[in-house]
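Biologist: Please show me the model, and then we can go through it by question and answer.

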Amino acid sequence: MKLSKMLESIGIDTSLNKDFEVKALAPLESALENEVSYIDQNKYLSSLKESKAGAVLIKEKDVTHVPSHMQSIVVPNPHLAFAKLSAFFAKDEFAYPTAEKNQIQIGENTTIMPNVFLGNNVKIGKNCTLMPGVVISDNVNIGDGCKIFPNVVIYRDTHIGSNVFIHAGTIIGSDGFGYAHNEKGEHVKIQHNGKVVIENDVEIGANNTIDRAVFGETRIKKGSKIDNLVQIGHNCTIGEHTLLVSQVGLAGSTSTGRNVVMGGQAGTGGHIHIGDFTQIAGRGAVGKNLPPNTKWGGHPLMELDEWMKFFVTLRRMVKKKSE
Amino acid sequence: MKLSKMLESIGIDTSLNKDFEVKALAPLESALENEVSYIDQNKYLSSLKESKAGAVLIKEKDVTHVPSHMQSIVVPNPHLAFAKLSAFFAKDEFAYPTAEKNQIQIGENTTIMPNVFLGNNVKIGKNCTLMPGVVISDNVNIGDGCKIFPNVVIYRDTHIGSNVFIHAGTIIGSDGFGYAHNEKGEHVKIQHNGKVVIENDVEIGANNTIDRAVFGETRIKKGSKIDNLVQIGHNCTIGEHTLLVSQVGLAGSTSTGRNVVMGGQAGTGGHIHIGDFTQIAGRGAVGKNLPPNTKWGGHPLMELDEWMKFFVTLRRMVKKKSE
Amino acid sequence: MKLSKMLESIGIDTSLNKDFEVKALAPLESALENEVSYIDQNKYLSSLKESKAGAVLIKEKDVTHVPSHMQSIVVPNPHLAFAKLSAFFAKDEFAYPTAEKNQIQIGENTTIMPNVFLGNNVKIGKNCTLMPGVVISDNVNIGDGCKIFPNVVIYRDTHIGSNVFIHAGTIIGSDGFGYAHNEKGEHVKIQHNGKVVIENDVEIGANNTIDRAVFGETRIKKGSKIDNLVQIGHNCTIGEHTLLVSQVGLAGSTSTGRNVVMGGQAGTGGHIHIGDFTQIAGRGAVGKNLPPNTKWGGHPLMELDEWMKFFVTLRRMVKKKSE
């Protein structure tokens, strides 16, 4: 659809110097010339110059920062306009039942047990087992030697490597939790058209949830192991050989280096990086970037050494006070 | 069944002035004259007067508060007697296989994918998709334009509005966690015969659990959005346009106003109200009613301003002490 | 397989005084003479003497502690060697499709609803209901009067008593989270060949995860009640009539006495015992053994009395400081 037509249908009345067929929405850093992006925070203004985006949704006050090759679309709430545009790119979870006859490829010695549902264009390697109740959506690719335990659900476009085990009830690729908000306080869904990539030798426990990316991908790197009931938000990257213990929660766009360990019930805010080999004690609440090779715990988070002594001293102080 | 017969079968030996066919158990405030209620806390004694309940389970010391139109049933542990009576009203999850031939209504342009199970007396609107592995129990009502993702389970009597999305693995309407305790420390199940109501435009993420009410309903109001792995206890009410981020846990009978935001891993005690537009930071532990338009965080909970400074000051104090 | 052959295939070059057909791996305290064990912590050295194990993986420095009836296998990292050996004993989740014709026994008046999958050698008692989407793996034994709600998954070898209710989406018997680590920082899976035992009158809510033991069993004792989204790690023992509220997490080898109560989002470290009748407030973080008949809360954990006053005093101190 042409940009002008899209804008018209979401009620944005603007005159364009440049109209084009919009191929996708994308973040500034990766957008191409037939793609549309948005900006609503001052700190990203400097990235406008390098962006190849064909058009950008932007506030009036910032419009002078837009380079000449890019069409500005002035709106009061760029994030909201972006969410509304995302509806044009929403895909159904399954093409079923109007699909191109289930183009499924299954490798040698792979067992598909009863009550498994495979979507269109699914490709599964050799020596895999898909156990009862597994649901695989469209365009999913699974490598060799994988075990997909009962009632696992894998949403569309997910890419899974070899020797991956996914335990019962885990959900891979559900929509990320992303909404824009209008002036009435209503939440407008941002369509998540990215995907999840799981590399080789990953094991994922039971009843986890791993959301797909809004753009691009959520990625679990080679050799990482995830316990049960863990939440991994959209656009997270889990580094190689990382361990996430039960009930850990990672907010959107968290990334970890390699061999990170997070203890049970630990959590992070969004857009945070945890350095290689860094360890978070159980229940640790990570609210900022952490350097490599360090140890942390508590809420608020402290270096583990400080945390271990902190409450000991406090309890002594309180006891004295109460005497 | 007659009240006298019910009491006899649970071993309560009492003489009644008034016997009647018991239609249901109910809380004092909504009980009708053919219903039975109970009371075991002083603070509710004043509501006896206005109640229309036909009979009330009550401790001997409180019996003088019972109005003349109501039959008192004196027992040492009213809550336990109530739990035992609730067994008479337990319903099976499915009437299957002795059912009245699956009275199912499905609207135009609704897709029911393979391996979906529909119970008796299920009604589904237009333009819905029920994806593989979905299980819908008896007497469930779903509006138009809903997407029910794979392996979602919806227990009996649930009522779902229009344009509701429920992501994979979420369980709607499971029994609330409610037991009475006998003198041997055993737990006696309180049958949960209430339901869950989900209003229009709600989106619910993956692997959530939303329990049905003991009586009445658990309700998620219009436009609210719930992330993954969230627990909503029995008899909660979530106000309009509220956001619950991943791993939030709400104990029974929590209610929120409209446009409340609760960050990841936040939780509440039971019977608490959070006012309109109030925000709880991630991991915030809500143990009391909160006024509207305020911000809170931490455990124990403090206003966000205090919480932000509190540990900064404490760490300074502890550092000085250790020098 | 002979011990010498196993060791050779994992690259351990050693000469044995005594070779034998290895029947299983086992912990020192229960290992028999045709079984292999390991030791890598000083505190367990004293248990070598009483052990009947046929052979033990051990560090060179500790080898003098090995009694004469036991073959020592000297390796730099006994835990890692043990993990590698465990691969020889890994069992497939289902013998399907090469199985001995599904030897299934189902008692009178038991209803198996559509889309249920039963593995080989499954035995189910009388008056049970298995609801749609339930998956029962091989060698599972279920007593009388059980209700298994939709989409529950029960892994192989699980033993369930009578009058047990398991709500939708719960996973029983998934692999515990146990890995050894090699010199490259990679994680080597320890095969979990133990099982889960659930005694009579237990009720388990929705979307829980209960892991099976590495050896021996994870056990939920008679009359215990578990809410939703609870994690129970491998080798835990939950005492009789214990209550675990929603989102509680128990690390591996936690045990509780009888009538323990853990509030919502509480958690424990591994190898901890909580005494009879002890109560943990919501969000309480248990990091040490707790005596019976006590009450605790907070993180770090304090007796409930101290915890209730602790922050009150601290806030007063901080306020004074800021004035």
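**Chain contacts and one annotated site**

Modeller: Chain B brings 42 residues and chain A brings 51 residues to the contact between them, contact meaning heavy atoms within 4.5 Å. This is a predicted model, where local features need pLDDT of at least 70, side-chain atom pairs count only at pLDDT 80 or more, and totals for chains, interfaces and linings use all residues. Residues are numbered from 1 along each chain as its sequence is written, chains are lettered from A and ligands numbered from 1 in the order in which they are written, and side-chain values use heavy atoms, with hydrogens and water left out.

Biologist: What area is buried between chain B and chain A?

Modeller: Buried area is the accessible area (1.4 Å probe) that two parts lose on being put together, summed over both. Carbon and sulfur atoms give 64% of it here, and the area is about 3,600 Å².

Biologist: Which residues of chain B lose the most area to chain A?

Modeller: Three residues together make up 16% of what the side of chain B buries. They are Arg283(B), Arg315(B) and Val318(B).

Biologist: Which residue of chain B forms a salt bridge with Lys189(A)?

Modeller: A salt bridge is a side-chain nitrogen of Lys or Arg within 4 Å of a carboxyl oxygen of Asp or Glu. The count between chain B and chain A is three. In the one made by Lys189(A), the closest N and O atoms are 2.7 Å apart, and the partner is Glu203(B).

Biologist: Which element gives the most residues to the side of chain B that touches chain A?

Modeller: Elements are DSSP runs numbered from the N terminus: helices (H or I, at least four residues) and strands (E, at least two). Those giving two or more residues are β23 (225-226), β26 (243-244) and α3 (304-322) of chain B. With seven residues, the one that gives the most is α3(B).

Biologist: Where does His234(A) lie?

Modeller: UniProt, in an unreviewed entry, places the feature "active site" at His234(A); such annotations may be inferred rather than shown by experiment. The residue is in the loop between β24 (231-232) and β25 (237-238) of chain A.

Biologist: Is His234(A) buried or exposed?

Modeller: Buried means under 20% relative accessible area, exposed over 50%, and partly exposed in between (1.4 Å probe, protein chains only). Residues that His234(A) touches include His192(A), Asp211(A) and Ser253(A). Because its relative accessibility is 18%, His234(A) counts as buried.

Technical notes. Lists of a residue's contacts leave out its neighbours within four places in sequence.
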